[in-house]
Amino acid sequence: MTPYCDYCNTHPEDTFNKAYHDTEYGFPLKDDNLLFERFILEINQAGLSWITILKKAEHFRNAYHGFDIEKIAAYGEEDFARLLADAGIIRNRLKINAAIVNAQRILELRNEYGSFKGWLDHNHPRSKEEWVKLFRKTFVFTGGEIVNEFLVSTGYLAGAHDESCHIYRRVASLRPSWMRG
């Protein structure tokens, strides 16, 4: 499989992946709603191509109220039905349920850790296997690939960019969590 950096650099016509690679992938996030957004987009990517999610990302933001954790945690049957009928997102019952349940779980984590980021920081560093175990214990719909991509894409695990990639230095200058050990 072609590394993401190589793919983006050799496919300039793929503006969705190029923009994500150059401005978001591997960059550390501090805002809980942005972390939650990335988590839910990774969950929705399961079984699909990332380009599908990137093309639908703005619609996801609108459908899920800007990924406001408190609003999503309060979703009821009417919101679930609205999302299930929305052709602009991935209409999968398990994935929609995961967004709601995981938002509720993050609210519970806030009581002890202050924020989703606080929980992530408290548990860092861990190996990928340890992270997967922790996510499976804490959240729903979290397989190894989902957890890995979420953590790599938000700077908690290394591997977003090759050292030869022109974006690597920009990400490294922000001292993502994986660099701080």
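Helices in this talk are DSSP runs of H or I with at least four residues, numbered from the N terminus. With that in place, I turn to Pro125, which is found in the loop between helix 8 (116-123) and helix 9 (128-138). The peptide bond leading from His124 to Pro125 is cis, with omega near -5°.

Some notes on the source are in order. The model is predicted, so local features need pLDDT of at least 70 and side-chain atom pairs count only at pLDDT 80 or more, while totals for chains, interfaces and linings use all residues. Residues are numbered from 1 along each chain as its sequence is written, and side-chain values use heavy atoms, with hydrogens and water left out.

Two further loops deserve attention. Phe141 lies in the loop between helix 9 and helix 10, and its phi is near 60°, a positive value in a residue other than glycine. Phe141 counts as partly exposed, at 30% relative accessibility; buried means under 20% relative accessible area, exposed over 50%, and partly exposed in between, with a 1.4 Å probe and protein chains only. Arg175, in the loop between helix 11 (168-173) and helix 12 (177-180), has a positive phi near 50°. Its relative accessible area is 42%, and Arg175 is therefore partly exposed.

I close with helix 4, residues 50-63. Which of its residues are buried? They are Trp50, Ile53, Leu54, Ala57, Phe60 and Ala63. These residues pack against helix 1 (4-10), helix 2 (15-23), helix 3 (32-45) and helix 6 (77-84), where contact means heavy atoms within 4.5 Å. After helix 4 comes His65, whose phi is positive, near 50°.

Technical notes
Helices (H or I, at least four residues) and strands (E, at least two) are DSSP runs, numbered from the N terminus. The expected span of a helix is 1.5 Å times one less than its number of residues.
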